[in-house]
Amino acid sequence: MQVKFVWAFGLATLVAFGSEAQTVLPQPSGVVSISSSATVEVTKDVLVVAFSVSREGADAQVVQSGLKQALDAALAEARKIAKPGQVDVQTGNFSLYPRYANPTKGGPSVISGWQGSAELLVQGKDIAAIAQLSGRIQSMTIARVGYTLSREAREKVEAEVSAQAISRWRSKAALVAQQFGYSGYSVREVNVASNDFQQPPMPMQMKASRAAAVSDEALPTEAGKGEVTVTVNGSAQMTK
């Protein structure tokens, strides 16, 4: 008798749980997903120049010393114009690795020499100073040159672009609600994201790099434009 009672209770419990599990919440109605964006072109205001030097030889210490001397000489010139926020100077990659000769049949690989490279990065808003510096550095050649958009320039227009994107989203939501026969809408969920396109520094042609290494003329530059884009994605609840 006790066993039957326990079984009956368990069965009733399972039925109750099953009933709850099958309860389906009503799907929201009158909800529409909307996307909008706005883009503004801004003049790039930061010049980025990467200098590089490479050395090779039979002795690792000699190669490393040659790289260090070339980098020190370039740093000495760059530090003359360094100014926080206007001209920033930093060292880049510094590598040294062995070069192997083709091994004899069945024999081990043999180090035949060493090669390495060093890099110096100079960037900032003082375009004229950096362009002049590019002609004065003689121990390294120009590897890459490019323009980018500073944080200040991006943030300056970001609020304006966001306002445009949000206004377009609201106008689109109101129009869609009207077209579906609703009198208005309310915002359910929205996401605002910005993305400014940054073109990486481009490699210089070898001809231009060699010319810069033997001439004290300023580097010719042209800033170009960058884009700041804000996208608004979200859902609107249309209301009667």
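Patches, as I use the word, are made of residues with over 30% relative accessible area and no salt bridge, like charges being joined within 9 Å and nonpolar side chains (Val, Leu, Ile, Met, Phe, Trp, Tyr) within 5 Å. A salt bridge is a side-chain nitrogen of Lys or Arg within 4 Å of a carboxyl oxygen of Asp or Glu.

Basis. I am working on a predicted model, where local features need pLDDT of at least 70, side-chain atom pairs count only at pLDDT 80 or more, and totals for chains, interfaces and linings use all residues. Residues are numbered from 1 along each chain as its sequence is written, and side-chain values use heavy atoms, with hydrogens and water left out.

Entry 1, the fold. I looked up the secondary structure of the protein chain and found five helices and eight strands; helices (H or I, at least four residues) and strands (E, at least two) are DSSP runs numbered from the N terminus. The order from the N terminus is α-β-β-α-β-β-α-β-α-β-β-α-β. Of the 240 residues, 31% are buried (under 20% relative accessible area; exposed is over 50%, partly exposed in between; 1.4 Å probe, protein chains only). Among contacts (heavy atoms within 4.5 Å) with a separation of 6 or more, 85% join residues 24 or more positions apart.

The protein chain exposes about 15400 Å², 55% of it from carbon and sulfur atoms; areas come from the Shrake-Rupley method with a 1.4 Å probe, and for residues only the protein chains shown count as cover. Which residues form the nonpolar patch on the surface? I noted Ile166, Val187, Val190 and Val192, with about 300 Å² of accessible area together. Strand β6 (residues 184-196) gives the largest share, three residues. Ile166 lies in helix α4 (residues 151-179) and is partly exposed, with a relative accessible area of 35%.

Is Thr229 buried or exposed? Thr229 is buried, because its relative accessible area is 18%. I placed Thr229 in strand β8 (residues 225-239). Leaving aside neighbours within four places in sequence, Thr229 is in contact with Ala38, Thr39, Val161, Ala193, Ser194 and Asn195. From Thr229 to Ser194 I noted 35 residues in sequence and 5.6 Å in space, C-alpha to C-alpha.
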